[in-house]
Amino acid sequence: MNKKKKTILLLLLVLTSFFIACSTYNKKSIPESEKNIIKDTEVNIPNKKEIIEKLSSDEFEGRFIKNNGNKLAGEYIYNIFSNLKLQSFLKTNYYHIYSYEDTADNDTTIKIKREASNIIGKISGKESKNAIIISAHFDHIGIQSGKLIRGALDNASGVSVLISLADKLKKESSRNSFPYDIIFAAFNGEEVGLTGSKSFVTEISGVYDKLYNINIDSVGYKDGEDIVLNHSFNKLHGKSNSSSDYDKLYNNLKKYFEINNLTTSKVSQAYLSSDDYSFQEKGYTSIGIIEKNVKKIIHTTNDIPEIIDYNKLELIEKSIYDFVVGSGDCLFK
Ligand SMILES: [Zn+2]
């Protein structure tokens with residue numbers, strides 16, 4: 001073989017291996033005929049406003065982990081996952097029941113075990129080697145000094161985005177499977193020491209070759225200003241964020257937020273740690289999506305549905321959707 005032929009062959013080999021190694025997800029458009037079928041069989045999934053108003057209502061008692069309202073909120077999310085026909089991550093159903101340590105109601109020196117549930121759904125990919133885990137906690141702090149703390153922003157907002165993403169990504173996957181699993185995790189116990197996510201990270205450990213977590217907590221606030229792509233574990237422990245996986249996740253997310261005209265920042269006025277912390281603690285790559293200016297409003301009686309900017313919430317959802325659809329399996333290379 002002469003030198004020229006050798007060079008051409010080598011070039012072809014490099015190009016072929018590039019296309020095999022990393023393919024972006026090819027979004028298929030919906031044919032007109034199929035649009036009608038989808039419409040006819042669609043169950044009614046509440047929109048983001050309806051979800052936020054429901055989760056913030058008196059019935060759910062501020063969703064404190066030990067209240068009946070927390071159980072009702074879990075059932076509400078469970079039923080929506082069921083209507084969406086998500087697969088279950090665990091063999092049984094969407095409930096991930098876990099136990100956590102607490103103190104007795106009448107004596108805080110006595111430690112006891114209590115049970116609670118996360119709600120976990122899944123869309124299986126063509127391959128299930130890797131996964132993107134989208135999470136949002138549904139619990140809140142309940143009644144404080146006789147006043148109901150509704151938690152519309154913290155974090156009914158995140159749950160509404162989680163459900164809406166599950167709905168849209170499920171429809172997209174029925175036309176064209178994703179090259180990775182997508183897990184939807186509505187976590188419990190965030191407000192009492194991240195108990196739900198800590199337990200779930202143990203459950204998922206070893207299941208995938210690689211996983212990324214995107215955690216949504218307190219988004220769509222009218223005065224929230226920039227979107228913060230937060231890395232709470234490293235921030236709290238004074239560690240650097242630099243790793244190739246972290247950079248890949250951060251840069252990709254930032255790109256899709258900017259495409260949707262949202263400004264991102266790494267700085268939060270509230271040094272919040274949310275469930276993304278539990279993933280980072282165990283060495284998984286994770287980013288928490290919050291907003292710059294939420295500290296003044298969360299955990300107060302002013303955290304009500306009226307403070308939500310639904311146009312902003314829609315753009316946040318679209319940015320995450322575009323990220324999941326647009327990244328393809330290049331994210332995992
Ligand atoms: Zn929160």
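Select residues 152-175, which is helix α5. Of its 24 residues, 17 are buried, so α5 is largely enclosed by the rest of the structure. A residue is called buried if 20 or more other C-beta atoms lie within 10 Å of its own, exposed if 12 or fewer, and partly exposed in between, with C-beta atoms placed from the backbone. Helices (H or I, at least four residues) and strands (E, at least two) are DSSP runs, numbered from the N terminus.

Before you go on, two notes on what you're looking at. This is a predicted model, where local features need pLDDT of at least 70, side-chain atom pairs count only at pLDDT 80 or more, and totals for chains, interfaces and linings use all residues. Residues are numbered from 1 along each chain as its sequence is written.

The expected span of a helix is 1.5 Å times one less than its number of residues. For the 24 residues of α5 that gives 34 Å, and the end C-alpha atoms are 34 Å apart, which agrees.

Stay in α5 and pick N155. The peptide bond leading from D154 to N155 is cis, with omega near 0 degrees.

## Stop two: the nonpolar core

Next, show I77, I132, I134, V159, L162, I182 and A186: these have the most contacts inside the largest nonpolar core, a set of 71 residues. Helix α5 gives the largest share of this core, 10 residues. A nonpolar core here is a set of buried Ala, Val, Leu, Ile, Met, Phe, Trp, Tyr and Cys residues joined through C-beta atoms within 7 Å.

Which residues does V159 touch, leaving aside its neighbours within four places in sequence? Select I51, L55, I77, A136, F138 and A186 to see them. In contact means that the two C-beta atoms, placed from the backbone, lie within 7 Å.

## Stop three: a covered strand

Jump to residues 285-291, strand β11: seven of its seven residues are buried, so this strand too is largely enclosed by the rest of the structure. Both faces are covered, with T285, I287, I289 and E291 buried on one side and S286, G288 and I290 buried on the other.

Who are its partners? β8 pairs with β11 in the parallel sense over five bridges, and I216 stands opposite I289. β9 runs antiparallel to β11, joined by four bridges, and there V228 stands opposite I290. Two strands count as paired if DSSP finds at least two bridges between them.

## Stop four: two loop residues

Between β8 (210-216) and β9 (227-230) is a loop that holds S218. Its phi is near 65 degrees, a positive value in a residue other than glycine. Buried or exposed? S218 has 30 C-beta neighbours inside 10 Å, so it counts as buried.

Then find L194, in the loop between β7 (181-187) and α6 (195-204). Phi of L194 is also positive, near 55 degrees. With 23 C-beta neighbours inside 10 Å, L194 counts as buried.

## Last stop: zoom out

Buried residues make up 42% of its 333 residues. Among contacts with a separation of 6 or more, 83% join residues 24 or more positions apart.

Finally, colour by pLDDT, the predictor's confidence in each residue, from 0 to 100. The chain averages 88, and 82% of the residues score at least 70. Over residues 13-20, pLDDT stays under 50, and the model has zero contacts beyond four places in sequence for them.
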